[in-house]
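Reader: Can you walk me through this one? I'm new to it.

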Amino acid sequence: MLERLKEEVCAANLDLVEKGVVIYTWGNVSGISDDRNYMVIKPSGVDYHGMKPDDMVVVDVTTSDTVEGKWKPSSDTKTHLEIYRAFSCVGGIAHTHSVNAVAFAQAGFPIPALGTTHADYFYGAIPCTRELTQDEVEIAYETNTGKVIVEHIHTAGYDPMAIPGILVKNHGPFAWGKNATDSVYNAVVMEKVAEMDLKTMLLNPNSSMEQFVLDKHYQRKHGPNAYYGQR
């Protein structure tokens, strides 16, 4: 089971590079085992070039301890773990420093739903968390990054799979999905809609989309009577 998960997580990390949303060693993808006991994640600071499934690191979800792997796990490991512990629907997580999404995070703005491309994947604005406090940064920074993500979703009261991503203020985007592959897909879409929004808002700062358009496009793809694609 874990060997297959390592293969999937490795491929998902390499897909971040192929899709152009990470450079150098930026970013990471993880996946969780079916029993939710183990997380597989990219190693910390290791270049994507030549990366193989055996390079992935296995972490115990309960204890946060590394149980298998020749490298240290990603420095964002504890952030991923907080999200997995809070939301049993999440099966994979992708974190990038993609340029356009980071621009919104650094500005502290959500990525608004301005068009149907956004509506096909995110049922509303992609939110931005509050800023972490000094204590949160200095004490357990990565854990508290995960906690502020969970806090925002719980406070806002939405289904995390309806808006499968978030911006951490001054940091960048985290996206998730039913598995590691799906999380990368959502990370790429988030970056693209952020780019579209930045260009749209330059042309018209007052741009908006009616709720009924958002509803139609999201529901035709994800709703109970969805009809997009092949059955």
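**The cavity and its surroundings**

Author: The largest cavity holds about 40 Å³ of space. A cavity is a set of points on a 1 Å grid over the protein atoms alone where a 1.4 Å probe fits but cannot get out. The volume is the space filled by probe spheres set on the points, joined across faces, edges and corners. This is a predicted model, where local features need pLDDT of at least 70, side-chain atom pairs count only at pLDDT 80 or more, and totals for chains, interfaces and linings use all residues. Residues are numbered from 1 along each chain as its sequence is written, and side-chain values use heavy atoms, with hydrogens and water left out.

Reader: How many cavities of 30 Å³ or more does the search find?

Author: One, in a search of the whole structure.

Reader: Which element gives the most to the lining of the largest cavity?

Author: H7, with three residues. Lining residues have an atom within 4 Å of a point. Helices (H or I, at least four residues) and strands (E, at least two) are DSSP runs, numbered from the N terminus.

Reader: Is E7 buried or exposed?

Author: Six of its six residues are buried, so E7 is largely enclosed by the rest of the structure. Buried means under 20% relative accessible area, exposed over 50%, partly exposed in between (1.4 Å probe, protein chains only).

Reader: What does E5 pair with?

Author: E5 (residues 92-95) runs antiparallel to E7, joined by four bridges. Strands pair if DSSP finds at least two bridges between them. Gly 92 sits opposite Gly 177 in E7.

Definitions and conventions. 1 Å grid on protein atoms, 1.4 Å probe; cavity = no way out; pocket = protein on both sides within 12 Å on 5 of 7 lines; lining within 4 Å.
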